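Trainee: I have a model to go through. Can we take chain B step by step?

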Amino acid sequence: MTAELRDERVRSVSRLSRLLSRPELGAAAGTVLVFVFFAITAGNTGLFSAKGIINFLEVSAQLGILAAPVALLMIAGEFDLSVGSMIGFAGILIAIPSVFWGWPIWLSLLFCFAVCGGIGALNGLAVVRTGLPSFIVTLGSLFMLRGLTLGLTRGISGRTQVSGVHELALNDPLNSLFSGQVFSGPIAWLSDIGLIGKRADGLPSISGIPVSIVWWIVLTLACTWLLTRSRFGNWIFAAGGEANAARNLGVPVARTKITLFVMTAMAAALFAAIQVLVTGSADTLRGTQKEFEAIIAVVIGGTLLTGGYGSAIGAMFGALIFGVVQMGIFYTGIDTDWFKLFMGAMMVIAVLFNSYVRNRAMRSR
Amino acid sequence: MAEPYVELRSVSKYFGSVVALKDVSFDVCPGEVHCLLGDNGAGKSTLIKTLSGVYTPDEGEIRVQGKPARFASPADTRNSGIATVYQDLALVPLMSVARNFFLGREPMRKFGPIRQFDTEFANRTAYDELAAMGIQLRDPEQPVGTLSGGERQCLAIARALYFGAKVLILDEPTSALGVHQASVVLKLIVQSKARGIGVIFISHNVHHAYVVGDRFTLLKRGKSTGTYAKSEIDRDQLLNLMAGGKELVDLEQELTKAARSSPA
């Protein structure tokens, strides 16, 4: 009798309704939609050639590196608006010691990660200790860091740009971790069997996969594992869902949040390390508005602004949409002025869709 | 009667000039439901918080299994087998039943050097523990927000019992519930009692308390008006003892008088 009852009730949860309550669903659907749209409008412009794919993936990867930890932080119920300025600051932290003080690149990189991690911890401490909204606290850091970056750079170098990192990084042991390409062998082979086109001079149209794309995928997988399979992940959801309940059950909510602020700051440092080593220079204005782009990617990815619900995979789709749209608009020849309109609208639609999905998830099934 | 698991002896608690509790004695034995009744402001909350280690008493002592005890923190109290289920239930609505069940005490499984949340164990245990209490989950991964109020209360109780509670302090577990849901929770209280758990049932609903209670203690303005075994008192006497019982009778008489004197 009981067994029958149980079976019947289990069956009543259809695969579909379970799928419909996944946070990534909207972003996955959005990604398909965007791909279809550009396949039709930009199908023969080279957007989906090997070169074009690498181009938009690189854009997505940079944003995605930020978006994955930002998603975790937002699920824990906090914002980090300082990541944009942190990118500019981190770039300077790598370039100035190397170019002006003669530090080896690897040391500057370690220095940069340590300082950024420390500032992230300060952000977290300030939020947790004061109980102020992280929106305000990190808005303060956003401005302070940008000001600090400008002041320091101009004070030390007399300019707002520091170049010449390329030459110094050439033989550095950590250089290939952040710049350059991987899988050149398989790419050449794919080209030989005709899956990837060749240039006029006979070389493959792409020479490898930029290392930033690997970082993006690895970080997304790591964050997903953390969120869904680790104890820490349980605490992230609880901290954002009902911090008081979590605290009563012995979850270290403050420590969880501070750790996440350190992670977002380190992600900004990673973003900067890749940018500085790829371009060979640092600029005080780098990373401007990246904090909002990351939030847009995360929200498109199905994470609730109020915390407690979301996914890192969703943030990856959000970043992918961002990259495809940005490059797609460029390839189709639409005036790029329209890009921001498109992304803003996309986010608003995503928020509406997400609240629908959440209500669905919360409804008795 | 068995020896009390936890006992308050002549406990007083003051907040500045306010006397929150004065010379209150209270105890609960294994396999017993002791109801704590009283109006708002009677000192029920202070008593619960003293029992659960949030407050330390200014006078009197707490004994656990006959030995004097000092609770340094709520976690300390929990470790000595006394679990409090507050009205907010300490549940996270957007998280799954299984994840809530193990929140803060996650079961881990090893994969070589990696330790990860044992989803399968968590799901199975949460499902089985709730099934043992008569709650058939559709899916242990459904969010707690999809459960009814009674089911949530049961989840919080099942969780406390699973993690070794010998005494359950239930703060108004039926007050926000409809008739059917309340009866589910009352059934669970009786079941816990049958398992040898001591239950402290805080309520201002005499009807709910009388159904499941073995003993009744009334608090009035910070003082205990006495503890009665079920055999010593019936429901109406209990109702009259409760603040409001006499007032209601007076009000009733007044209204009848008024109705009689006014011409229809």
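Trainee: In which sense do β1(B) and strand β2 (residues 18–28) of chain B pair, and over how many bridges?

Mentor: This is a predicted model, where local features need pLDDT of at least 70, side-chain atom pairs count only at pLDDT 80 or more, and totals for chains, interfaces and linings use all residues. Residues are numbered from 1 along each chain as its sequence is written, with chains lettered from A and ligands numbered from 1 in the order in which they are written. Strands are DSSP runs (E, at least two residues), numbered from the N terminus, and two pair if DSSP finds at least two bridges between them. β1(B) and β2(B) are antiparallel, over seven bridges.

Trainee: Which residue in the turn of the β1(B) and β2(B) hairpin has a positive phi?

Mentor: Two residues lie between the strands of this hairpin. The phi in question is about 60° and belongs to B:Gly16.

Trainee: Which residue in β4(B) stands opposite B:Val6?

Mentor: Strand β1 (residues 6–15) of chain B also pairs with strand β4 (residues 59–64) of chain B, antiparallel over five bridges. In β4(B), the residue opposite B:Val6 is B:Val64.

Trainee: What distance separates the centres of domain 1 and domain 2 of chain B?

Mentor: Domain bounds come from an automatic or database domain assignment. Domain 1 of chain B is 6–94 + 156–233, and domain 2 is 95–142. Taken over C-alpha atoms, their centres are separated by 28 Å.

Technical notes. Helices (H or I, at least four residues) and strands (E, at least two) are DSSP runs, numbered from the N terminus.
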